[in-house]
Amino acid sequence: MINGELKTAIPIRWAMVGGGRGSQIGYIHRSAALRDRAFTLVAGAFDLDPERGCAFGVELGLDPARCYPDYTALFAGEAARPDGIQAVSIATPNNTHFAIAKAALEHGIHVVCEKPLCFTVAEAEELAALSQARGKIVGVTYGYAGHQLIEQARAMVEAGELGEIRIVNLQFAHGFHSAPVEETNPATRWRVTPAFAGPSYVLGDVGTHPFYISEVILPHLKVKRLLCARQSFVKSRAPLEDNAVTLMEYDNGAFGTVWSSAVNAGSMHGQKVRIVGSKASIEWWDERPNQLSFEVQGEPARIIERGMPYLHPAALADDRIGAGHPEGLFEAWANLYSRFATAMEATEMGDAERLAGLRYPDVRAGVEGVRWVEACVRSAEAGGVWVDYD
């Protein structure tokens, strides 16, 4: 159980690039990182407008001298200080992730990056190699994976409670962009602009979330090949898709689907993960994250509740408050940030045993997310054909 006790010897000195005033995701990062006192925010480059970014940093309580105009000045300035930053979170548009993450690693700084990690597998592999060479952690914010029932689902699959896995049914299909909201919303506009978003919109923006969760629950399954069809129902978004369906064949013979959409009109969020085995199925829905459906063939369906003592120890380890009290997105993100901090400290101390026991979305998870999107785009652009995954 997480109850506020320090998990690191001292808080990690931490900065942000992006995530300034008006950024919803910036506030989520700060709330998650600071909740367990594993990090302390000491610097940042929060905005493309240096004056606005500095003013925001001061409002957060930072020293104006440590509110920098851009990430280059941030890394150089902090490197010159004896109390310089140890880690940075990147909360900027997709097209900047690779350059900022690479610069941070080259300065010997741990990285927490928004997904996608970058645009191409080649870039992602370069970051993975640099991370290993410099001995620094790269975490990717697949925040929903911090919900404790994801660990419960993994434990149930591992224990054989579902039997042989046959079907993996994934979706993240909301309806908030069923109209061209980008005409008046800058936060959506860059997401549908290839120069900023990259080769995809919903595949990278929402589809990679349930795909990563499936990797957590089913670590023994590997995708062999996939087929993707994508559409731009709001025509001005072409060539980027606002809806896509991906079919996947796994190495054990299982079959998977991923529905990625921003035009599922009427849906609030629509992220669901359903795993079907030969004996039973489980289903998790992020709008009701405190329950996991467990359906054994021939028996009444049952609901597994967050925080109950019958849960697997790995699930209870993420518990923050007793059963019955709902936990949500901020708790899930805080769980991940707690793991990021522990991984960073273990790496600095050379504690391989402690590091080996941690599970969090690391640089390899970032690589796989980029690989999945790249394969989906390759399939779709070829007319929706089967392509090898590796």
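In what order do the strands of the open sheet of 9 strands stand? In this predicted model, the order is β13-β12-β11-β10-β6-β9-β8-β7-β14, and the pairing is mixed. As a reminder, strands of a sheet pair through backbone hydrogen bonds, either parallel or antiparallel. The edges are taken by β13 (302–305) and β14 (387–388); each has a single partner strand, so one side of each is left without a neighbour in the sheet.

Strand β8 (residues 243–250) pairs with strand β9 (residues 255–261) in the antiparallel sense, over 7 bridges. Within this pairing, Asn-243 has Ser-261 of β9 as its bridge partner. Helix α6 (residues 148–158) packs on the sheet, where it touches β6 (165–173), β11 (280–285), β12 (291–296) and β13. The direction of α6 makes about 25° with that of β12.

Two packed helices are described by the angle between their axes and the distance between the axes. For α9 (residues 202–217) and α13 (residues 363–381), the angle is about 125° and the axes are 10 Å apart. That makes α9 oblique to α13. The crossing of α9 past α13 is right-handed. On the α9 side, the contact is formed by Leu-203, Gly-204, Gly-207, Thr-208, Phe-211, Tyr-212 and Glu-215. They meet α13 residues that include Trp-372, Val-373 and Cys-376. By type, the residues of this contact divide into 8 nonpolar, 4 polar and 2 charged.

Charged side chains come next. Side chains of opposite charge can pair when their charged atoms come close. The whole structure holds 26 salt bridges. One of them joins Arg-320 and Asp-36, at 2.7 Å from N to O. This pair links distant parts of the chain, 284 residues apart: Arg-320 is in the loop between α10 (313–316) and α11 (329–349), and Asp-36 is in the loop between α1 (24–35) and β2 (39–45).

Some backbone details also deserve a look. Most residues other than glycine have a negative phi, and most peptide bonds are trans. Arg-37, although not a glycine, has a positive phi of about 60°; it lies in the loop between α1 and β2. The peptide bond from Lys-115 to Pro-116 is cis, with omega near -5°, and Pro-116 sits in the loop between β4 (110–113) and α5 (121–134). Ala-238 and Pro-239 are likewise joined by a cis peptide bond, with omega about 10°; Pro-239 belongs to the loop between β7 and β8.

Note on methods:
Residues numbered from 1 in each chain as written. Predicted model: local features only at pLDDT ≥ 70, side-chain atom pairs only at ≥ 80, totals over all residues. Heavy atoms only, no water. Axes fitted to C-alpha atoms, helices over the stretch in contact; angles between N-to-C directions. Helix = DSSP H or I, 4+ residues; strand = E, 2+ residues; numbered from the N terminus. Parallel < 35°, antiparallel > 145°, perpendicular 65-115°, else oblique. Left-handed = near helix turned anticlockwise from the far one by under 90°. Contact = heavy atoms within 4.5 Å. Nonpolar A, V, L, I, M, F, W, Y, C, P; charged D, E, K, R; others polar. Pairing = 2+ DSSP bridges. Salt bridge = Lys/Arg side-chain N within 4 Å of Asp/Glu carboxyl O.
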